[in-house]
Amino acid sequence: MKFSERIMRVKPSPTLAITAKANAMKAQGIDVIGFGAGEPDFDTPQPIKEAAVRAIEAGKTKYTPAGGIPELKKAIVEKLRRDNNLEYKVSEVTVNCGGKHSFYNLAQVLFEKGDEVLIPAPYWVSYPPMVELADATPIIIHSKEENGYKITADELAKAITPRTRALVINSPSNPSGATYTREELESLAEIVLKNKLIVLSDDIYESIIYDGLKFYNMANLSEELKKLTIILNGVSKAYSMTGWRIGYIAGNEEVIQKVEIIQSQSTSNPTSIAQWASVEALLGDQSVIDEMVKTFDRRRKLIVNGLNQIKGITCQMPQGAFYAFPNVSGAYKLPGWEEVAKKYPDANKSSTLTAYLLEEAKVAVVPGVEFGNDDNLRLSFATSDENIVEGLKRIKEAIEKLA
Ligand SMILES: Cc1ncc(COP(=O)(O)O)c(C=O)c1O
């Protein structure tokens, strides 16, 4: 079979692949502890489920406008006003089939061959392939660990060429949890304005934030920056609704119209029932988020403190999201590493370590190389305290065997 050059450029999502492998081992009766999944382990809150049931019973089970029902668009406008202090018109928002689809649609609408899109590393695994699927070129800006995995204005300025179209900002970040302060965004904003870059602001983890930190995006900084910023968000992470597939975009009206054209000729509307559930999520009781964040906060400290007690591993405390992103490069220098590298040969050390941990410790993690940093692993702490304690014990034993 001959395939398009486009699809041959792209490989499947590694995080979904690791989760599938761990699940397959579990199905064989092997007791695997999974730190791979990028989704909250809580049930979707009851009032949201009930709104979906009401929608089914009321017969709201037919096509909707491709870009979403007006009620959900209004709820998004209200959410942006209430939580982000940002004013948008209903015509400046659109609803997509998950946050990933929001980014995919935007890439299709905005980018083409020759365009460069700046992506700070460590990055969410899906940004570069989605930029490539639009025939554009992802340009990776490597942030430094000592800067908390955030890029600086200097690093941004150096990456700009006449072909640069856009900058992706994901704060809080998957995988590092790095969360930009208002001042840090202001320092990047000068370069954004000077070069008239489009900012794709992926705010999907905005409500999962710790230590009283306040969330800001570029659109908060000035009217001029709001015009350059396109906000991507969704209900998946904040309301534990990953399976419902609702994401949304807010920004320039013309961009929104074009996204709706793509959507009308591809997926059509996001599921009608999930849209009605999302109205409840956005307008209903928001205290469900605080409860989740409290639990994540406890697990965050548990996992980071535990990781820091393992030889060869150091881990910063993430400021947001639900991932630990330890630096494991010390493990690559342990005496037993060569044996491991021979047994699990891979061009990337973090993939070798991941394979070793899965086989030896029955623990599933995601190799940092998939996020642009081969010195790291990503561990999701969207799992129980018991799993975290047991998983850390197994990792410690496996790594200390190499010492
Ligand atoms: C940074 C980031 N953006 C967007 C998404 C998309 O979420 P979904 O498509 O499930 O709404 C994810 C999910 O893992 C993510 O980590």
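**A close look at helix packing**

Guide: Let's start with the parts list: the protein has 15 helices and twelve strands. Here a helix is a DSSP run of H or I with at least four residues, a strand is a run of E with at least two, and both are numbered from the N terminus. This is a predicted model, where local features need a pLDDT of at least 70 and side-chain atom pairs count only at pLDDT 80 or more, while totals for chains, interfaces and linings use all residues. Residue numbers start from 1 along each chain as its sequence is written.

Now zoom in on helix 15, residues 385–400. One of its partners is helix 12: the two axes are 10 Å apart, at an angle of about 5°. That makes helix 12 roughly parallel to helix 15. (Axes are lines fitted to C-alpha atoms, for helices over the stretch in contact, and angles run from 0 to 180 degrees between N-to-C directions; under 35 degrees counts as roughly parallel, over 145 as roughly antiparallel, 65 to 115 as roughly perpendicular, and the rest as oblique.) Which residues do the touching? Helix 12 brings Arg299, Leu302, Ile303, Gly306 and Leu307, and helix 15 answers with Asp385, Ile388 and Leu392. (Two residues are in contact if their C-beta atoms, placed from the backbone, lie within 7 Å.) Sort the residues of that contact by class and you get five nonpolar, one polar and two charged. (Ala, Val, Leu, Ile, Met, Phe, Trp, Tyr, Cys and Pro count as nonpolar, Asp, Glu, Lys and Arg as charged, and the others, Gly among them, as polar.)

Another partner of helix 15 is helix 14, residues 349–361. Their axes come within 10 Å and cross at roughly 110°. So helix 14 is roughly perpendicular to helix 15. In this contact, Tyr356, Leu357, Glu360 and Ala361 of helix 14 meet Arg394, Ile395, Glu397 and Ala398 of helix 15. The classes here come out as five nonpolar, three charged and no polar residues.

Step back to see where this sits. The domain assignment, which is automatic or from a database, gives domain 1 as 5–43 + 288–400 and domain 2 as 62–283.

Let's finish with the whole thing. The C-alpha trace spans about 60 × 55 × 55 Å along its principal axes. A compact globule of 403 residues would have a radius of gyration near 22 Å, and the protein's 21 Å agrees with that. (The radius is taken over C-alpha atoms, and the globule rule is 2.2 Å times the number of residues to the power 0.38.)
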